[in-house]
Amino acid sequence: MGNADSKLRFRKAVIQLTTRTQPVEATDDAFWDQFWADTATTVQDVFALVPAAEIRAVREESPSNLATLCYKAVEKLVQGADSGCPSDNERQVVLNCTRLLTRVLPYIFEDADWRGFFWSNVPGAGRAGRLDEDIDGDESRPLAESLLLALADLLFCPDFTVQSHKKAPDTCDMQSIDSCEYIWEAGVGFAQSPPLNYVHDLNRAELLKLLLTCFSEAMYLSPSMGSKSLNPWVTFFCSTDNRHALPLFTSLLNVVCAYDPVGYGIPYNHLLFSDHREQLVEQAVQILVVTLEQEAGPASTTLQPLQALDSPGSPSASEEPESAGPDNLFVNYLSRIHREEDFGLILKGLARLLNNPLVQTYLPHSTKKIQFPQELLILFWKLCDFNKKFLFFVLKSSDVLDILVPILFNLNDARADQSRLGLMHIGVFILLLLSGERNFGVRLNKPYTVRVPMDIPVFTGTHADLLIVIFHKIITGGHHRLQPLFDCLLTIIVNISPYLKSLSMVSANKLLHLLEAFSTYWFLFSSAQNHHLVFFLLEVFNNIIQYQFDGNCNLVYAIIRKRSIFHQLANLPSDTASIQKALQRRKKSAAGISRSSSTEADTMEGSRPAAPAEPGTLKASLVATPAIDKLTEQSQVSQDGTMVSLTHTRSPQRAADSSTAAGVSDTESNSERDMEVFHTESESVRSQLSRGSSTTAMWKPTPDWVLSWKTKLPLQTIMRLLQVLVPQVEKICIDKGLTDESEILKFLQHGTLVGLLPVPHPILIRKYQANAGTAIWFRTYMWGVIYLRNVDPPVWYDTDVRLFEIQRI
């Protein structure tokens, strides 16, 4: 009954606020206390009792009342942070103010005229009393800064959000507390694991929800506007003004990496007991990816708190000459983690969470499945991008495969679901980043023995086989909106191909199947960029033949069996009549087939339209991904195994001229031209990859265009292989009457082409490079994920978001 009365009083206060035409004085505590004193409303109650229409009405008709409400709520949070919330009543007031601000802030941000309100100086508001001694009395602190500093303090408030170390007195001086002693979980830079307290976890989650709402101002700016300026909320929170930056960063990271959703593995335990830690972990990983999203310029301040990341027994970070890092302390701390035990803990934690949905048991639905793999993948991306030592650690052992398998599982699982398009992109981006390192290709040679439930052909082979089989499935069985990823998928295979020691027959046939599909005449002539896919696949075959011939008899046999494809490419017609005939054949036999199937219906047997999403599913739109030449830069592997960046790319004509002038052999000049062809096309042509059919309709293939790339097809190595091996295989089959594949494979396994192939071409790796296009993509994707994940309560639902569009499927 008391709870019902509390809700009624709260609702009456909201109605009074919306109906009063005269401004309510800030000194009228009796009125304002109705919103947070003596009420026990949950966050769901607040969202139900404060309708969106009424918030907008107050904003438009009584702006001073809305301003005073925000000011008074922040004031209560500041007072709670100063006092340390020693009583239950004060804690309830803090939680009520937190919930109210979480509800109101998105409606402040959606109005451009209100967006600067929190960054204005409120008359009569001092710079958060506890800092007055350091600051001139006349100077006032913007409301946003007071709010953020209060939240940071409250996240380390003994007996409210952290466990008290001793019997605390009635009052607690928050300024005397060293929050590094109250880090939430053992892990990076902290050895003690505090006892679990679900009340503390719930309180932390509510405060983090408000913090995330503060950061969400980015949602209400268009992608172009957001890319030009830093988020002021994140900038201040991650600056040296926040004395809790280090312990908070460490707490968030450790809580995520230490979380074990399975626990002791008791079946159905998640149905019997509430797991309050999951909500906290989800909020923590979202705060991490948002704060790590932006990197400011070089820091101008000293960063001695970083030494706290080192244990007494390890070499201090200060002993190493460190260049000044970014102003964003979260980015700085992440980039400077360097102890191997810390890397191991982070990698093990992320791998455990990413593999959680793959865990199979005999009892259906008996283990808890986490629901935030997308945020975890973004965090892993940030770790690899900002901390190269972590990236090298990941690739140093086979542990990288514990990340690879769940990524491939998600790619395969999401390939036909349009609402999970962003998940496909982030998974491919991570693999593109990893594939730029030699060790990744080497690690893929480990046999794949752990069977994960996936609808793929059964094979016995390596993790490289798994990757190729799933990529083939994505290209042939995904929906049409995956088309811009084709270049990325094939680039990954090209990057790893020089290191693949032994492909299975299944994956070898999949590669040949892709080449067969992409080399049909009508497909090559139907778009200005389709021939690039053929070049990628030919480069894969050349790399394996030149550098890993000995162990790849399956691929060599598949090439011999499908030799007609290569002869067909070598004899590709370029006259106008043949081009038109091929296109006409396409219209007759493949009407309605989009590039999602990549070829005629009988060739791509696995293609199918995107599976319809469940009714009512919400989907956040994404900006276009940059073309592959914007995503990557060339690096050439030298003889000692080091990478040499190739920054300048020659045009095709100049490449041919220079190689001829140098007087090199045909094999060298051809191979150099072959490897260069992808990077020398104009940007305008490359950017068409993600455009629609309207662009294709305007473009017409010409004989000159066909000849411009046909002459550069890197077929010489494969043709030499066929020239040598086909007669030998045919002779053995006739002489011995062989019809068994195994005997032919045994012959190929012991064969050699030493001295018969052209001079090996240099290995070219296309390494991911950061660029403005992917930065905008990640920001849009990240906030879209956060928007869709926060539905209870629906923090941003039905607000005027501008960073992306929300579509109801």
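Which residue forms a salt bridge with Glu 375? In this predicted model, the partner of Glu 375 is Arg 789, and the closest N and O atoms of the two side chains are 3.6 Å apart. Glu 375 is buried, with a relative accessible area of 1%, while Arg 789 is partly exposed, at 23%.

The structure holds 28 salt bridges, and among them is a pair formed by Arg 56 and Glu 110, whose closest N and O atoms lie 2.7 Å apart. This pair likewise links distant parts of the chain, with Arg 56 in helix α4 (residues 52-61) and Glu 110 in the loop between α6 (88-109) and α7 (143-154), 54 residues apart. Arg 56 is partly exposed, with a relative accessible area of 24%, whereas Glu 110 counts as buried at 6%.

A further salt bridge is formed by Arg 415 and Asp 455, with 3.4 Å between the closest N and O atoms. Both residues are located in loops, Arg 415 in that between α18 (400-414) and α19 (421-435) and Asp 455 in that between α20 (438-443) and α21 (463-477), and the pair links parts of the chain that are 40 residues apart. Arg 415 is buried, with a relative accessible area of 4%, while Asp 455, at 44%, counts as partly exposed. Elsewhere, salt bridges that share partners join Arg 56, Arg 59, Glu 60, Glu 110 and Asp 111 into one network.

How values were computed
Residues are numbered from 1 along each chain as its sequence is written. This is a predicted model: local features need pLDDT of at least 70, side-chain atom pairs count only at pLDDT 80 or more; totals for chains, interfaces and linings use all residues. Side-chain values use heavy atoms; hydrogens and water are left out. A salt bridge is a side-chain nitrogen of Lys or Arg within 4 Å of a carboxyl oxygen of Asp or Glu. Helices (H or I, at least four residues) and strands (E, at least two) are DSSP runs, numbered from the N terminus. Buried means under 20% relative accessible area, exposed over 50%, partly exposed in between (1.4 Å probe, protein chains only).
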